[in-house]
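This report describes one protein chain in plain terms.

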Amino acid sequence: MDLTDSQTAVTVVAGLAILAGLAGVVVPGLPALPLCWGGVLLWAVFGGAGLGGWAVFAAATVVAGGGAVIKYAWPGRNLKRTGVPTSTLLAGGVLGVIGFFVVPVVGLVLGFVAGVWAAERLRLGSNQLAWPSTVQALKAAGLSMLVEFAAGLVIAALWVAGLLMT
């Protein structure tokens, strides 16, 4: 592999963007699917893959779009079914962002859990009633991350298949 070749350099940068996107599922602040999608776009435009590269990019676009929709729709539907309101999730999100800056590494998760629990405690008036809603919100957040990671892996697999075929 000659890194002075521009197509090789573009391929390496695209691969790094896809890896950063996969890491972005668990690292706050990194947009996971947009990074994966952008890596494939970079490769399709500048990587010299031709029509095959554009076909891979089209498939990656479908996967990224579907993953983005499913990431919110599926967990959201589960939360609506269990009766957790959107305001509770907003409270969890706000405290999660605050926690991210207050307690490095784990503050986002701790803040989210504390925010959801506090909002449900205020809404329902009981610890016994607040905790099941908190567990449901955590399951929904985990499902959302799983969907996003799966979509990112499919995009990465499409890109690798495109590399091997073009």
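What percentage of the 166 residues in the chain do buried residues make up? Buried residues make up 35% of them, where buried means under 20% relative accessible area, exposed means over 50%, and partly exposed lies in between (1.4 Å probe, protein chains only).

## Basis of the values

This is a predicted model, in which local features need pLDDT of at least 70 and side-chain atom pairs count only at pLDDT 80 or more, while totals for chains, interfaces and linings use all residues. Residues are numbered from 1 along each chain as its sequence is written, and side-chain values use heavy atoms, with hydrogens and water left out.

## Overall fold and dimensions

The chain has 6 helices and 0 strands, and its pattern along the sequence reads α-α-α-α-α-α. Helices (H or I, at least four residues) and strands (E, at least two) are DSSP runs, numbered from the N terminus.

The radius of gyration of the chain is 20 Å, whereas a compact globule of 166 residues would have one near 15 Å. This radius is taken over C-alpha atoms, and the globule rule is 2.2 Å times the number of residues to the power 0.38. Along the principal axes, the C-alpha atoms fill a box of roughly 65 × 30 × 15 Å. Of the contacts between residues at least 6 apart in sequence, 57% join residues at least 24 apart; a contact means heavy atoms within 4.5 Å.

## Surface and charge

The accessible surface of the chain is about 9,100 Å², and 77% of that belongs to carbon and sulfur atoms. Accessible areas come from the Shrake-Rupley method with a 1.4 Å probe; for residues, only the protein chains shown count as cover.

Helix H5 covers residues 107-124, and its 18 residues should span 26 Å at 1.5 Å a residue; the end C-alpha atoms are 25 Å apart, which agrees. The expected span is 1.5 Å times one less than the number of residues. After H5 comes Gly125, with a positive phi near 80°.

The buried residues of H5 are Gly107, Gly111, Phe112, Gly115, Val116, Ala119 and Glu120. They pack against helix H4 (86-102) and helix H6 (127-165). On the H4 side, Gly92 lies in that helix and counts as buried because its relative accessibility is 0%. Not counting residues up to four places away in sequence, Gly92 touches Gly111, Phe112, Gly115 and Val116. Gly92 and Arg121 are 29 residues apart in sequence, with their C-alpha atoms 12 Å apart.

Ala140 lies in helix H6 and is buried, at a relative accessible area of 8%. Leaving aside neighbours within four places in sequence, Ala140 is in contact with Pro75 and Leu79. Ala140 and Pro75 are 65 residues apart in sequence, yet 4.7 Å apart from C-alpha to C-alpha.

Leu30 lies in the loop between helix H1 (6-23) and helix H2 (32-46). Its relative accessible area of 35% makes Leu30 partly exposed. Beyond residues up to four places away in sequence, Leu30 touches Ala20, Gly24 and Leu35. The C-alpha atoms of Leu30 and Ala20, 10 residues apart along the chain, are separated by 7.6 Å.
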